[in-house]
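Student: I'd like to learn how to read a protein model feature by feature. Can you walk me through one?

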Amino acid sequence: MRFKSLSQLKRPAAAAVVLDSLPQAIRMTTYARAKAFKINELVQSIYGLSYEWYGYTLARRDDPELIRDIGLPENEQNVLEYTSIDPEKIASYQESLAPDCFINGWIHSHGDLDFHVFSATDEENHLTVLDYVTALYKKPIAKKEIVIKDLNLLVVGQFTDQDLKTGSACLITDVPVSQARILETIYGGFCYGIVIGNQGWHQQEIYYKQRAILSGQTTISHNPADLILVDTGQYLGDTELAALTAEVKDKINPITYKLEKLEIL
Ligand SMILES: [Zn+2]
C-alpha cells in the first residue's frame with residue numbers, strides 16, 4: 001500500500017466532546033461568608049488567641065456549586081498554626097447533616113498569622129476533601145475517544161479463542177462492522193478550599209478531579225479562584241449568633257502544648 005503523503009500516516013487526533021463544565025469561580029452566599037468571619041472572631045474573643053480552626057463549606061444537593069453555609073465540626077486540636085483533616089472526620093460530619101446538605105469543600109483560618117497563602121499541609125487537606133467530595137458528586141463533563149491501535153472487530157458466534165489473541169482490544173458486535181470508534185465518559189468533580197484570616201483577608205482555590213470511566217485515567221488539578229458573593233437575604237441574626245457562640249465554645253479545643261513534629265500552617 002502506498003501513502004500519497006506523510007500526513008496520511010498520522011493517526012487522527014482523539015476526538016473529545018465537551019458536555020459540561022466545572023466551576024471556575026467560587027459562588028458563596030454573603031451569609032456563609034459572614035458566618036466564617038464570625039467564627040474567626042468568636043475563636044479569638046472566647047479563647048483569647050487566634051487558633052486555627054477548620055470547617056466545611058456546605059451546599060444543597062440540588063445546587064452543589066453554591067456555598068450556602070459553613071459547618072463547624074468538632075475540632076479535636078486547635079493550635080495556632082496547624083489544621084488537619086481526615087476522611088473519617090469528613091464522613092462523620094456529613095452523616096450529621098440534613099439529607100439535602102452537601103459538603104463541597106473546606107475552609108480554615110490562619111488567624112493573625114502573616115501567611116496569607118495555602119501551605120503544603122493545606123494542599124494535603126485539599127486532596128483529602130477532594131477525594132471525599134468527588135466520591136459523592138461527579139458529573140459527565142466530556143466524551144473522549146479511546147484511540148485503539150489495533151481494534152479487533154468480531155461478530156457474535158463467529159470467532160474462536162484463537163481470534164481473541166489478536167488485537168489490543170476486541171469489539172464483538174451482532175452484525176459485521178468494518179470500523180468502530182469508542183468514546184468514554186470523563187467524569188469531573190471539584191472541591192473548594194478557602195483560607196481566611198484576621199482583618200478580613202481570604203484566598204480561594206478550586207481542586208478538580210477528572211476520571212475516565214473506561215481507561216481509569218485520573219487527573220487532578222487546581223486553580224486559584226475568585227469569590228463571587230450571592231446575597232440570598234439570609235443573615236446571621238441574634239438567635240443564630242448565640243447558637244454559633246455556643247458551638248464555637250463546644251467544638252473548638254485549643255491545645256497549648258507544642259506538637260512534637262510541628263507541621264506548620
Ligand atoms: Zn492553612
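Student: Let me start with Leu241. Which helix does it lie in?

Tutor: Leu241 sits in helix 5, which covers residues 238–251. Keep in mind that we're looking at a predicted model.

Student: Is Leu241 buried, partly exposed or exposed?

Tutor: For that, you count neighbours: a residue is buried if 20 or more other C-beta atoms lie within 10 Å of its own, and exposed if 12 or fewer do. Leu241 has 13 such neighbours, so it counts as partly exposed. Also look at Leu42: it is 199 residues away from Leu241 along the chain, yet their C-alpha atoms are separated by 9.9 Å.

Student: Now for helix 1 and helix 5. How do I describe two helices that pack together?

Tutor: Two packed helices are described by the angle between their axes and the distance between the axes. Here, helix 1 (residues 30–47) and helix 5 have axes that come within 10 Å and cross at roughly 60°. An angle from 65 to 115 degrees would count as roughly perpendicular and one under 35 degrees as roughly parallel; this pair is therefore oblique. The crossing of helix 1 and helix 5 is right-handed.

Student: Which residues of helix 1 and helix 5 meet?

Tutor: From helix 1 you have Lys38, Ile39, Leu42, Val43 and Ile46; from helix 5 come Leu244, Thr245, Val248 and Lys249. Sorted by class, this contact between helix 1 and helix 5 has 6 nonpolar residues, 1 polar and 2 charged.

Student: On to sheets. What holds the strands of a sheet together?

Tutor: Strands of a sheet pair through backbone hydrogen bonds, and the pairing is either parallel or antiparallel. In this model, 3 strands make an open sheet in the order 4-2-14, with parallel pairing. Strand 4 (66–67) and strand 14 (227–230) are the edge strands, each pairing on one side only. Strand 2 (residues 26–29) pairs with strand 4 over 2 bridges, in the parallel sense. For a particular spot, find Met28, which stands opposite Ile67 in strand 4.

Student: Which strands of that sheet does helix 1 touch?

Tutor: Helix 1 packs on the sheet and touches strand 2, strand 4 and strand 14. The direction of helix 1 makes about 80° with that of strand 2.

Student: Let me try a residue in a strand. What does Cys170 touch?

Tutor: Leaving out residues up to four places away in sequence, Cys170 touches Asn152, Leu154 and Leu164. Cys170 lies in strand 10 (residues 169–173). Its C-alpha atom is separated by 6.9 Å from that of Leu154, 16 residues away along the chain. Cys170 has 15 C-beta neighbours inside 10 Å, so it counts as partly exposed.

Notes. Residues numbered from 1 in each chain as written. Predicted model: local features only at pLDDT ≥ 70, side-chain atom pairs only at ≥ 80, totals over all residues. Helix = DSSP H or I, 4+ residues; strand = E, 2+ residues; numbered from the N terminus. Axes fitted to C-alpha atoms, helices over the stretch in contact; angles between N-to-C directions. Parallel < 35°, antiparallel > 145°, perpendicular 65-115°, else oblique. Left-handed = near helix turned anticlockwise from the far one by under 90°. Contact = placed C-beta atoms within 7 Å. Nonpolar A, V, L, I, M, F, W, Y, C, P; charged D, E, K, R; others polar. Pairing = 2+ DSSP bridges.
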